[in-house]
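Please open the model in a viewer and keep the selection panel at hand.

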Amino acid sequence: MEFFCYHRDRAGSLPLRRELMEEHWSYMDRYEAELIARGPAFAADGETLAGSVHIVGLPDPAAARAFAFDEPNHQAGVYRDVLLRRWHNLLGRTMGDFPGGRTGGDRYLVLGLGPRQASAAPDATAPDATALGLPPGVDHDELIAFGPLLSDDAVTWVGTAALLRAPDPDRARTVLAPHRYAETAVHPWEFGGRR
């Protein structure tokens, strides 16, 4: 099972986050084989940390909750909250497989939340852009990670999470068809992990 985990930072927690950096990385090192994507998200200024994204394959929801809530930054109070949802890796690859590599160009986290009408999970077996929920014209090669956010039982679609390379936040936002979402958030993002 795959899970999308977005720890959102508490205001003023950067000094604590820096203090715990090695503990955080050591914790994530234990999940290296299970991580699909990871990295920090930033506020619109591209400098202020807003949170940490981890997309991970784990055996069940209990393991995902343990992963999210035992994380050292969470335990110490760096994060104000956690968005943890079932997710489905529609690209079938990890961020390490992204053809664009770790550097070059701007990267973004795009979250489409609170669909106007919840529905069954999209068909994950069809390979075309329509099945992926992408508007026409989206370049698959610019996608780092893409998939639906799902209910705990993986039956109900509740949104979409994407990591991608794009020239600016407005272009990044176009990866999600606006009519499908009540709210869309875009954050600068970068590849995480040890260099």
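The model is predicted, with local features needing pLDDT of at least 70 and side-chain atom pairs counting only at pLDDT 80 or more, while totals for chains, interfaces and linings use all residues. Residues are numbered from 1 along each chain as its sequence is written, and side-chain values use heavy atoms, with hydrogens and water left out.

**The whole chain**

Colour by secondary structure to find 6 helices and 9 strands; these are DSSP runs numbered from the N terminus, helices being H or I with at least four residues and strands E with at least two. Of the contacts (heavy atoms within 4.5 Å) between residues at least 6 apart in sequence, 75% join residues at least 24 apart. A surface display corresponds to an accessible area of about 9,300 Å², of which 51% belongs to carbon and sulfur atoms; the area comes from the Shrake-Rupley method with a 1.4 Å probe, and for residues only the protein chains shown count as cover.

**Asp9**

Next, select Asp9 in strand S1 (residues 2–9). Is Asp9 buried or exposed? Asp9 is buried, because its relative accessible area is 10%. Its side chain makes a polar contact of 2.8 Å with that of Arg17. Such a contact is a pair of N or O atoms within 3.5 Å; within protein, one must be able to donate a hydrogen and the other to accept it, and residues adjacent in sequence count only if both atoms are side-chain atoms. Beyond neighbours within four places in sequence, the residues in contact with Asp9 include Leu49, Ala50, Val78 and Arg80.

**The largest pocket**

S2 gives the most, with 4 residues. The pocket has a volume of about 400 Å³.

On a 1 Å grid over the protein atoms alone, a pocket is an open set of points where a 1.4 Å probe fits, with protein on both sides within 12 Å along at least five of seven lines; lining residues have an atom within 4 Å of a point. The volume is the space filled by probe spheres set on the points.

**The second largest pocket**

Now move to the second largest pocket, with a volume of about 210 Å³. Of its 14 lining residues, Glu32, Arg38, Met95, Arg102 and Gly192 are the closest to its centre. S2 again supplies the largest share of the lining, 4 residues.

**Two loop alanines**

Select Ala43 in the loop between S2 and S3. Ala43 counts as partly exposed because its relative accessibility is 26%. Show His187 as well: the C-alpha atoms of Ala43 and His187 are separated by 6.0 Å, although the residues are 144 apart along the chain. Not counting residues up to four places away in sequence, Ala43 touches Thr48, Ala50 and Pro188.

Finish at Ala154, in the loop between strand S7 (143–150) and strand S8 (156–166). Ala154 is not a glycine, yet has a positive phi of about 65°. Most residues other than glycine have a negative phi. At 24% relative accessibility, Ala154 is partly exposed.

Definitions and conventions
Buried means under 20% relative accessible area, exposed over 50%, partly exposed in between (1.4 Å probe, protein chains only).
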